[in-house]
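Open the model in your viewer and keep the selection panel handy.

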Amino acid sequence: MARVASNPLSLPRFRPYFQVSDTALVFKSPSLSPYRTRKFQSIACQTNPLPTQTQPSDEGKVLAEPDSVDDSTSEATNSFVGGEFSEFPNKNINRRIAIGSTLAAVGLFMSSRLDFGVSLKDLSAAAVPYEEALSNGKPTVVEFYADWCEVCRELAPDIYKLEQQYRDRVNFVMLNVDNTKWEQELDEFGVEGIPHFAFLDKDGNEEGNVVGRLPRKYLQENVDALARGEASVPHARVVGQYSSAESRKVHQVVDPRSHV
C-alpha cells in the first residue's frame, strides 16, 4: 500500500473563528432567575475566510434582563434634545396654567376694587357744606358718619360713584357724628346708627332715610328719585347692619368749629 507523502505545506489551512449558533442553549440554574437565558458560543472552522465574507459578530447581542427594564423606562421619559435633557411637557403646561390663573385672579380683584382707595376723608373733603346745601335749591343727601365706623368705610366707594354720577343735580353732605356741632341735627334726624343717609328735597324737607349696610340699589334708586324731582323716594325707611351712634361719646371732637 503506497504511503502518501505528508507535506505540511500542501495541507489546507484552517482558521478558527467564533459564530453564535442559531439555536440558543438555555442554561437553567436554581440560583438564576427563570427569565434569564444565556447563549453559548460554538467553535467552527472555515477555510481562508475572506474579509468581505465575514459576517457581523453577535457577541454584543445580549438579551435584556428584567433588571434593566426600569433603566430603559426612565430613559424613555426624559428625551435627550440638543445636548440637554428636556423637562416633562406637563410641568410646563401646569406652570403656564398656574401663572394664567394667578393673573386672571389679580385682574378680577383689581377690576372689582378700582375705587377701593376712596376713604371717608376724601368724601368729606369733596362734600358740600350743610348750610350751602340747604340754600342752593338742589335736593340733598346727608350722610352721618364716623371715622371709626367700619360700615361707613365699606360703603365709601359706592357713595363716591353716586356722587360722581349725580353731583351736578344733587348735593352730597358729610356730617361727622363725633363733632358736637351737629348735636341738633342728630336729634332732628333721629340718628341712632351710622351710616345714616337722609334724603332731602330741594326745600330741605326729609323724604326718607336709609341706615346701615344695604345693597347699592337702595341708595341708587333714592338718589335718582331726588335728581328727577320726584315727590318721594322709593325706599323711605330701610335699616340694615349699622354701627351704634352711642360709640361717638368716646370719640368726641374737641374743636366744634370743624364743619365735618
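In what order do the 5 strands of the open sheet run? Select them and read across: β6-β5-β8-β9-β10, with mixed pairing. Here strands (DSSP runs of E, at least two residues) and helices (H or I, at least four) are numbered from the N terminus, and two strands pair if DSSP finds at least two bridges between them. Now colour β6 (171-176) and β10 (237-239): each has a single partner strand, so one side of each is left without a neighbour in the sheet. On average, neighbouring strands of this sheet are turned by 15° against each other, direction ignored.

A word on the ground rules: this is a predicted model, where local features need pLDDT of at least 70 and side-chain atom pairs count only at pLDDT 80 or more, while totals for chains, interfaces and linings use all residues. Residues are numbered from 1 along each chain as its sequence is written, and side-chain values use heavy atoms, with hydrogens and water left out.

Next, select residues 196-200 (β8) and 206-211 (β9), which pair in the antiparallel sense over 5 bridges. Within this pairing, His196 stands opposite Val211.

Helix α5 (residues 150-166) lies across β5 (140-145), β6 and β8, and runs at about 155° to β6.

How many aromatic pairs does a search of the whole structure find? It finds 2. Rings of Phe, Tyr and Trp (its six-membered ring) pair if their centres lie within 6.5 Å; planes under 30 degrees apart count as stacked, over 60 as edge-to-face and the rest as tilted.

- Show Tyr130 and Trp182: with centres 6.0 Å apart and planes at 80°, the pair is edge-to-face. Tyr130 belongs to helix α4 (residues 130-133) and Trp182 to the loop between β6 and α6 (183-188), so the pair ties together parts 52 residues apart in sequence.
- Show Phe144 and Phe189: this pair is tilted, 5.7 Å centre to centre with 55° between the planes.

Tyr130 and Trp182 are both buried (under 20% relative accessible area, with exposed over 50% and partly exposed in between; 1.4 Å probe, protein chains only). Phe144 and Phe189 are buried too.

Conventions
Axes are lines fitted to C-alpha atoms, for helices over the stretch in contact, and angles run from 0 to 180 degrees between N-to-C directions. Contact means heavy atoms within 4.5 Å.
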